[in-house]
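Notebook open, structure loaded. I want to go through the charged pairs and then look at one helix and its surroundings.

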Amino acid sequence: MKGAVLVAIAASIGNFLQGWDNATIAGGIIYIKEDLDLGTTVEGLVVAMSLIGATAITTCSGAISDWVGRRPMLILSSLLYFISGLVMLWSPNVYVLCIARLLDGFGIGLAVTLVPIYISETAPSEIRGLLNTLPQFTGSGGMFLSYCMIFGMSLLASPSWRLMLGVLSIPSVIYFVLTVFYLPESPRWLVSKGKMVEAKQVLQRLRGIEDVSGEMALLVEGLGIGGETSIEEYIIGPADELADGHDPDSDKDRIKLYGPEQGLSWVAKPVPGQSSLALVSRHGSLASQSMPLMDPLVTLFGSVHEKLPDTGSMRSMLFPNFGSMFSTADPHGKEERWDEESLQREGEGYASEAGGGDSDDNLHSPLISRQATSMEKEMAHGSALSMRRHSSLMQGAGEQGGATGIGGGWQLAWKWSEREGEDGKKEGGFKRIYLHEEGVPGSRRGSIVSLPGADLPPVGEYVQAAALVSQPALYSKELQDQHPIGPAMVHPSQTASKGPIWAALLEPGVKHALIVGIGIQILQQFSGINGVLYYTPQILEDAGVEVLLSSMGLSSNSASFLISAFTTFLMLPCIGVGMRLMDTSGRRTLLLTTIPVLVVTLVVLVIFELVTISTVVNAVISTACVIIYFCCFVMAYGPIPNILCSEIFPTRVRGLCIAICALVYWICDIIVTYTLPVMLSAFGLAGIFGIYAVVCVISWVFIFLKVPETKGMPLEVITEFFSVGARQVEAAKNGVTKCLSAG
């Protein structure tokens, strides 16, 4: 845990440099304009070059990061910051300055795109929101410190704009050292490229524990994109309780779970009557009845969070005392490394081709195989799989890194089932299961759906759990055909792609996530933050603040810098509150709570722009509205779009997809920034803030209908939900189309 926090803080320095640069150019342009005798157009170009650079680099940064990794791109970002700072310190003319600003924009674009991805892929799910709010905090902190520096330099007889801009090189050296010598590569990216040894070492460092095999298995499962997923419901309890009064033939439908005590076994029994997509369909129909435009995905996510505690926990919610559910081998046996295996099935001749050593190039052995134990015969008929001989994958009493707990109350399991094929031969089916507790042991409450007619034990210890059931990410039918007795998975190195998987963008779940990500980025940019920033100096001047500071002997420029420093300082505690609430109240709740406040402040600004009670009253109320707007914006709507975009895409295309969202962000930023003066002359301040208020209302509606709550959920489960929800929506649309065609 501590390792993940420190890594997130180090990575967030990239956003600190972005905030620092934004403030220094805002202050330095005053002196640049005088020194180089710039016209309005060239002045705007100097400021805009960083935006142009950020937009340009974003077009390819995500795809490249999916190819070469997150860490190399962060190292490149730090180098670009450093070089641009040195060039700006030297800049003999405006042309060199523009080139330096372009390089600076490249560094900004890489940091803004990749830092959220990096933090999401390294952070535990329980505190992922908190850690991913750090970039917003460090960015505002960079602006505050930069304005303080500029204010101090403005008191000098002849402030040097070159020094103001060139100081950027100093913190960028620190960032470079940390990215090269401290930051590890993202473990999810390493797994996607088959580098299992390095991924395991990174996870051990980030989590501070030795047994990370459970999370390693989760990362492997996250490599899948799309696929058929069903949502089912299970009753999980002692084998003897669920067996009483049931047909022995139903045993084949059960997943057997083994407890830590010798001789103790538990089983998971599917609830009768739940078809593969019955649960999702039920959610969709309920949502359609109560709220026709509500995305079923929002309802589906919400049903999970209804039963979660308000605070994220590092302990597993499901089976807190069961410990090693699946492993029946000696839990203290020698731990085997995934790249050093030469397991051979007893009687099967199923040998690994791994060459041993630490090389990842020879990894061809299956990651998951059945354990050859005295239960071999029993496990061939529908019981649970165990993970790797003597593996500690299922060990631990609920700690986040061990057992099957994968965060947010979710558990990872597998099952092996058989059925008769059309030719009469038995066919095996290997399924991955994400389990989520729906109530508390001994309780019938908390089910996602009501279970009319469900055959539940009358009393005793059992748990109702919802299950996302699908084919494992790396399951190979060809491998199964070669070894028909037991399931196996190919190694990620065999499926690693050398470049971006563009075809995956057409997968329903990915398309659905892109709509959410792009939509919230567009609405955030048009919600008024740039306009309020533009307007702040004017209303503070109207409030008499600048006059007061001038009476203290400060120049107008120094007074302006001090006001800006104070404004950014006010943001910091508000972002801190947002960090605290991000993983408790949740992203969606924070947005739905704070956006109405933004609307109210904008409406009040419109009213007092049109109606003048008195100069003092108008100035005070306008100042209060601006401060409230800033505080609420940076608490939620500022950081959450980037947080969501870093969570909702599959591992293999996460960089590519978030780059698309970031590109939309930068394009909208340019549009808003450079249309503001035109809009100001056309509509006036009242008209501008009226438009922003309308956009905020649209934002609230969009978030309410389309944006799900992702707090505390593992990234792999989030993407699985998007896949399920998108397919359910498509199925509903196809059903409507068929009905219309038939009519």
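Which side chain meets Glu716 in a salt bridge? I looked it up in this predicted model, and the partner is Arg188, at 2.7 Å, N to O. Glu716 sits in helix H27 (residues 715-742) and Arg188 in helix H10 (residues 187-192), so the pair ties together parts that are 528 residues apart in sequence. I checked burial too: Glu716 and Arg188 are both buried.

Next, the other pairs. I find eleven salt bridges in the structure. One of them joins Arg101 and Asp104, at 3.3 Å from N to O. Both residues belong to helix H5 (residues 94-122), three residues apart, which is about one turn of the helix. Arg101 comes out at 0% relative accessibility, so I count it as buried. Asp104 is buried as well, with a relative accessible area of 0%.

I also noted Asp583 with Arg587, where the closest N and O atoms are 3.0 Å apart. Both of these residues are buried. Then there is a network: Asp66, Arg70, Glu121 and Arg654 are joined by salt bridges that share partners.

Last, helix H23 (residues 587-610), where I picked out Thr601. Thr601 is buried at 5% relative accessible area. Beyond its neighbours within four places in sequence, I see Thr601 in contact with Cys625, Ile628 and Tyr629.

Ile607 belongs to a nonpolar surface patch with Val603, Leu610, Val611, Ile613 and Val617, about 520 Å² of accessible area together. H23 gives the most to that patch, three residues.

Key. Residues numbered from 1 in each chain as written. Predicted model: local features only at pLDDT ≥ 70, side-chain atom pairs only at ≥ 80, totals over all residues. Heavy atoms only, no water. Helix = DSSP H or I, 4+ residues; strand = E, 2+ residues; numbered from the N terminus. Buried < 20%, exposed > 50% of the residue type's maximum accessible area, 1.4 Å probe, protein only. Contact = heavy atoms within 4.5 Å. Patch = residues over 30% accessible without salt bridge, like charges linked within 9 Å, V, L, I, M, F, W, Y side chains within 5 Å. Areas by Shrake-Rupley, 256 points an atom, 1.4 Å probe, with all protein chains shown as cover. Salt bridge = Lys/Arg side-chain N within 4 Å of Asp/Glu carboxyl O.
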